[in-house]
Amino acid sequence: MYHPKHHARAHPDKPAVVMAGSGETITYAQLDARANQGAQLFRALGLQRGDAIALYLENHPRYFEICWAAQRAGLYFTCISSSLTASEVEYIVRDCAAKVFITSRAKAGGAEKIAPKIADLTLFSVDEAWGPFRSFEAERAKMPATPIADEAPGLDMLYSSGTTGRPKGIKLDLKDEPVDAINPLVQLAAGLFGFKAETVYLSPAPLYHAAPLRWCMTTHRLGGTVIVMEKFDPEFALALIEKYRVTASQWVPTHFVRMLKLPEDVRRKYDLSSLTCAIHAAAPCPVQTKQAMIAWWGPVLQEYYAGSEGNGFCYISSQEWLKKPGSVGTAKIGKLKICNEDGDEVPVGTDGTVYFADGNPFAYHNDPEKTAQAMNKHGWTTLGDVGHVDEDGYLFLTDRKAFMIISGGVNIYPQELENLLVTHPKVADAAVVGAPDEEMGEKVVAVIQPMSGVEAGAALRDELMAFARANISHIKAPRQIDFMEELPRHPTGKLYKRLLRDAYWGKTSTIV
């Protein structure tokens, strides 16, 4: 019973998807019929099990209809960030070997630049036909709404956000099993997070990212209703929880920061009592931020640490976190191993690279070098994060290894300073990078996005410098503070630090 097709038969009129902004609703009967028609269309185009399609879309009502069609046709479906450049999109489309490319009118600016580069693919727009793009809906409507004869389970093939380099694709092997076979995420959702048919799930993030896509589709497997925000707005998110009596949701720390900075009367006016599970991941959450969220929402926050690679999974409840503030939990999939540069384990409480042993194997598509770099001599795998484990087996993350600043021979991890600066009432967002320094090799630079209405200048710079030095050791404090109107942050919450760092190492900068 772990598939939308079963829920379409049992509860055909139940909402599967509700678009938060427009209110457009797709029932399970509609989702099932359109997924069948989509699978029929893919077969009519000659796509067979193991072939790939690419989606370059905003959060669109047709999103899940396409993904479920690909899942039923045994295809890989690659959901591409709609904020990438044309060259980055072309790279992913070619790397995943897509045969079909699906976009929308809303993405016309980027799609028109990409189209000539991938003219050998079948090109669709989800809405009307325009330019080189055929209408996906019109072509799909010609197809029967019955299952294809050779249904087989397909999979997402997603790419990292490229915050430190070229995006990396994770391609898992297709399994010989029914399309409705239970998978580990369904088991986690039902067993650990309490998802069920009555779940009303709010998704405030872009659907092309691994966590929103997979949690939403898992909700569909269990028969719940997904409320999709076209774009995140902090107050609107609270209003949606009240309106739809949302029971579960998934967030990133930047969502929390923006909601917490709403005026107190705005925060308090919405009834959030229906919310029993607020999952968060993707980036470490500042301790002060999470404490404030638990104080506001109650002990409903559920945090996990994992990656698109699926090599391991850590989890911590609110109750555990209050006893272990700052931890991302204990391992539920794989065994935690903290290692030094030689790949050997370090003592409890010592920082090192975080590895998982006995987890799920993975490989980066078409990149054996990156795959090899993610594995040590023991065969343990890493996502590139640094942290330590305490005596009870709880993992505490320090930062990404790639973001480490070496100043005067001292290793400095930016995350601690970023977590501090973002708590300042005049700071909307903060990033910390290493910039060249003749004496120290690198110096700590904080790049600040001020709150709306706050003037960026010498007075704010002095105030933030004093704030940092009063709350963190001087060696970790910024030597320089610059300002940006908006930081280059991925909609999923991840920061494009390589863009900021490159600006200080000789490339064009928009930093003031």
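**Figure 1. Pairing of Gly387 with strand β21 in the predicted model.** Gly387 has Leu397 as its bridge partner in β21. This view belongs to a predicted model. Strands β20 and β21 (residues 395-400) run antiparallel and are joined by 5 bridges.

**Figure 2. The hairpin of β20 and β21.** Between the two strands of this hairpin lie 5 residues. Gly393 adopts a positive phi there, near 85°.

**Figure 3. Pairing of β20 with strand β19.** Strand β19 (residues 352-357) is antiparallel to β20, and 4 bridges connect the two. Tyr355 has Thr382 in β20 as its bridge partner.

**Figure 4. Burial of strand β20.** Strand β20 spans residues 381-389. Because 7 of its 9 residues are buried, β20 is largely enclosed by the rest of the structure. In a regular strand, side chains alternate between the two faces of the sheet. Across the chain, buried residues account for 57% of the 512 residues.

**Figure 5. The chain as the setting of the close-ups.** The chain comprises 17 helices and 26 strands. Its C-alpha atoms fill a box of roughly 70 × 50 × 45 Å along the principal axes. Of the contacts between residues at least 6 apart in sequence, 67% join residues at least 24 apart.

Key. Residues are numbered from 1 along each chain as its sequence is written. This is a predicted model: local features need pLDDT of at least 70, side-chain atom pairs count only at pLDDT 80 or more; totals for chains, interfaces and linings use all residues. Side-chain values use heavy atoms; hydrogens and water are left out. Buried means under 20% relative accessible area, exposed over 50%, partly exposed in between (1.4 Å probe, protein chains only). Contact means heavy atoms within 4.5 Å. Two strands pair if DSSP finds at least two bridges between them.
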